[in-house]
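Reader: I have this one open on the other screen. Can you walk me through it?

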Amino acid sequence: MKRSRGAKTLVYPTPTWIVGSYDKQGKPNGMTAAWGGICCSDPPCIAVSLRKATYSYASLVNRRAFTISVPSQAQVKVADYFGLVSGRDTDKFAATGLTPVRSDLVDAPYVAEFPLVLECKVLHMFDLGLHTQFVGEVLDVKADEDVIAFDLETTGLFPVVARIVEFGAVRFRLDGRVLGTWEQLVDRECSIPPEVTDIHGITDAMVCGQPTLAQALPGFLEFLGGSDAILLAHNAAFDLGFLNFAAAKSGWNLPANPVVDTLDLARSCVRGARSCRLEDLVVHLRLAERKTTGHCPIRGW
Ligand SMILES: Cc1cc2nc3c(=O)[nH]c(=O)nc-3n(C[C@H](O)[C@H](O)[C@H](O)COP(=O)(O)O)c2cc1C
């Protein structure tokens, strides 16, 4: 039995977008908007509804342009802030430390730190009542590209007989910003030969009692977060061989991320290094060796 709730705009979910615009003086501003959505596929259009009372309203009318910056989950608090104060009396970008970037396609700024941006030219304005709906043609969508550099340490060379004993991964953007790291020692099903311990420094005692591979693998897949990020590994075939074998054994599917092998890159781009082993590249390219733990396999990133 359904109960009437009255004539309300009760439809969910609604987005949390930052509508970016320039005021009359050219100062960048942004406001949170939840009243918006896709409204046409050809031409690609989205609509946002703004009250005339907002400072942004006049900016959209005057400049006939706006951007939509979509925050990540971690950025919802700051996105909310853009809806609590007005650009009339506060410079929200200065207050939050976020960076306004001038769009090269439309006369409006977007938020550099937010992962997804749409640049829109105002096609129509509909005075609906309290809200005016701005229909914007999307001239471009810009999305951040994440890269995940990862490395595995194992008990040997071949996945059929050897086992993974450590995962190490770092997610970063091409501007160098590190977004997260993930490390996990793994309890092995066979002991680590001393000559292999000499290479990576991991002993049986260190991994004893750690999660098994079947327990650790979901954590790694969660860190990958789907197939969008570019995977970076040195001698990627080695690591992917172990990963694929482990995933098949545990009944998981590995996402089909694009992969870049830094060994191939080094072989074609680096001249004068002793070898293209990671250790030699770190010395040759003068990369400070940054170990996140005493035994971390992520070297040189
Ligand atoms: C989550 C959230 C969603 C909002 N959605 C809208 C909206 O869709 N339309 C609107 O006119 N105001 C909306 N607001 C309120 C404006 O963001 C708020 O009035 C803001 O201060 C306007 O900024 P401005 O004066 O700098 O333009 C929302 C606020 C929040 C917190």
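**Helices, the ligand shell and a strand**

Reader: What do the buried residues of α7 pack against?

Author: The buried residues of α7 pack against β10 (146-154), β11 (164-173), α6 (213-224) and β13 (230-233). Contact here takes two C-beta atoms, placed from the backbone, within 7 Å. Helices (H or I, at least four residues) and strands (E, at least two) are DSSP runs, numbered from the N terminus.

Reader: Where does the model come from, and how are residues numbered?

Author: It is a predicted model, in which local features need pLDDT of at least 70 and side-chain atom pairs count only at pLDDT 80 or more, while totals for chains, interfaces and linings use all residues. Residues are numbered from 1 along each chain as its sequence is written.

Reader: Which residues of α7 are buried?

Author: Asp-239, Phe-242, Leu-243 and Ala-246. They lie on the same side of α7, because they cover an arc of only 95 degrees around the axis; the arc is that of the directions from the helix axis to the C-beta atoms. Buried means 20 or more other C-beta atoms within 10 Å of a residue's own, exposed means 12 or fewer, and partly exposed is in between, with C-beta atoms placed from the backbone.

Reader: Why would such positions line up?

Author: An α-helix has 3.6 residues a turn, so residues three or four places apart point the same way.

Reader: And what sits on the face of α7 turned away from its buried side?

Author: Exposed residues, namely Ala-237, Asn-244 and Ala-248. Just after α7 comes Gly-251, with a positive phi of about 80 degrees.

Reader: What is around the ligand?

Author: The ligand is surrounded by 20 residues, and the closest are Trp-35, Ser-56, Gly-83, Ser-86 and Gly-87. A residue counts if its C-beta atom, placed from the backbone, lies within 6 Å. Two or more residues of the shell come from each of β2 (28-33), β4 (45-51) and α1 (55-63). The most come from β2, with 4 residues.

Reader: How many of the shell residues are nonpolar, polar or charged?

Author: There are 8 nonpolar, 9 polar and 3 charged. Ala, Val, Leu, Ile, Met, Phe, Trp, Tyr, Cys and Pro count as nonpolar, Asp, Glu, Lys and Arg as charged, and the others, Gly among them, as polar.

Reader: Back to α1. Which of its residues are buried?

Author: Ser-56, Ser-59 and Leu-60 are the buried ones. They are on the same side of α1, because their arc around the axis is only 95 degrees. Among the elements they pack against are β2 and β4. After α1 comes Arg-64, whose phi is positive, near 50 degrees.

Reader: What does β4 pair with?

Author: Strand β3 (residues 36-40) is joined to β4 by 4 bridges, running antiparallel. A hairpin of 4 residues connects β3 to β4. β4 and β9 also pair in the antiparallel sense, over 7 bridges; pairing requires that DSSP finds at least two bridges.

Reader: Which residues face which in those pairs?

Author: Ile-38 has Ile-46 as its bridge partner in β4, and Gly-37 has Ala-47. Cys-45 stands opposite Glu-137 in β9.

Reader: Which face of β4 is covered and which uncovered?

Author: Ile-46, Val-48 and Leu-50 make up the covered face, while Cys-45, Ala-47, Ser-49 and Arg-51 are on the uncovered one.

Reader: Last one: is Arg-271 buried or exposed?

Author: Arg-271 is exposed, because 6 other C-beta atoms lie within 10 Å. Its place is in the loop between α8 (262-269) and α9 (278-284).
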